[in-house]
Amino acid sequence: MLILGIESSCDETAAAVVEDGRRVLSNIVASQVEEHKIYGGVVPEIASRRHCEAVSAVVKEALKQAGASLSDLGAVAVTSEPGLIGALLVGVSFAKGLALSAGLPLVPVHHLRGHIAANYLSHPELEPPFLCLVASGGHSNIVLCEDYTRFQVLARTRDDAAGEAFDKAARAMGIPYPGGVEMDKLAETGDPTAYRLPRPRVEGAPLDFSFSGLKTAALNLLHNAAQRGEAVSVPDLCASYRRAVVGCLADSFRQAALDTGVERLAAAGGVSANRLLRRELEALSKELDRPLFVPELSLCGDNGAMIAAQGYYERLAGHTAGMELNARPSGGLQ
Ligand code: KG4
Ligand code: ZN
């Protein structure tokens, strides 16, 4: 069954056609990053406008590259939550119109379920259950994926998401948005032991994350150095900061793997592209002798293929919606 997946929750307008939840026939991503860069972050109003302009052409191109017409599709899947409400509404409204006019089932997809499903595209042999570290610009969770559409959230962040923590600290270091990617590159050349930074833990919830104190520590370090007229080595600070963020993610994930005993380990979301995180998870996989699954780099960030992949399994489970479907800015993936 061919599924068209549409994604517009943040700053990428994306559409893709995927066969049986596993084989990518096309995957078109129109990024707005360059435009948001000058503001240092995503401007929601601009994001919505750009989605409106791009969505039709992006969907057409996805169908064209897949060699598919609307009559070949089994469903239209769309990210309906969570995300920027004005941005989500563009994809949801477009998908509703398309599904209604073509007589196709409409399948709402949770964005984080989509990120997790990117692993089905990169690893056709992967089946639930598995334990997944989901880290993006808006969320950081450890999720027990019991089945394709049944999830248990074992850990969450109490404040900033990991990607947000990277982006905000990067911005203070003068690295342009989205700073996580560039910080990762700079960190490769820096000394991770150069600066001492805390690794905050949440009292009474050992698996949960808290990144705002770590971010503040980095900002204070930069302010203090500026006041004293001391130079800060950006590559060293990037490396030290990355080590602290990745350390928090990897330590909790390791604990969750031990607590649950789940055999397969996975990661997903924009931050799963992080080189150090991938190396740490590889090491954990070796240490525990359990296989690790991470999406290929091109599928870590937001894309339509992951929405189509999850949409396939939601469709099989009968999770379709009618024209009353609305977008939701927040909402858990359980
Ligand atoms: O999943 P995603 O594309 O969008 C959201 O759903 O939020 O994640 C974007 C986030 C941004 O914060 C970006 O800085 C971060 O993922 N990111 C990275 C890397 N690549 C993307 N963070 C650290 N290292 C990377 N290599
Ligand atoms: Zn995302």
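These questions and answers set values from a predicted model against their definitions.

User: Why is glutamate 314 called buried?
Analyst: Buried means under 20% relative accessible area, exposed over 50%, and partly exposed in between (1.4 Å probe, protein chains only). Glutamate 314 has 3% relative accessibility, so it counts as buried.

User: Why is aspartate 302 buried?
Analyst: Its relative accessible area is 17%, and therefore aspartate 302 is buried. Histidine 115, at 1% relative accessibility, counts as buried too.

User: Why does the pair histidine 115 and aspartate 302 tie together parts of the chain?
Analyst: Histidine 115 is in helix H4 (residues 111-122) and aspartate 302 in the loop between strand E10 (292-293) and H10, so the pair joins parts 187 residues apart in sequence. Helices (H or I, at least four residues) and strands (E, at least two) are DSSP runs, numbered from the N terminus.

User: Which residues does glutamate 314 touch?
Analyst: Contact means heavy atoms within 4.5 Å. Leaving out residues up to four places away in sequence, glutamate 314 touches Val107, Pro108, Arg113, Thr149 and His319.

Residues are numbered from 1 along each chain as its sequence is written, and ligands from 1 in the order in which they are written. Local features need pLDDT of at least 70, side-chain atom pairs count only at pLDDT 80 or more, and side-chain values use heavy atoms.
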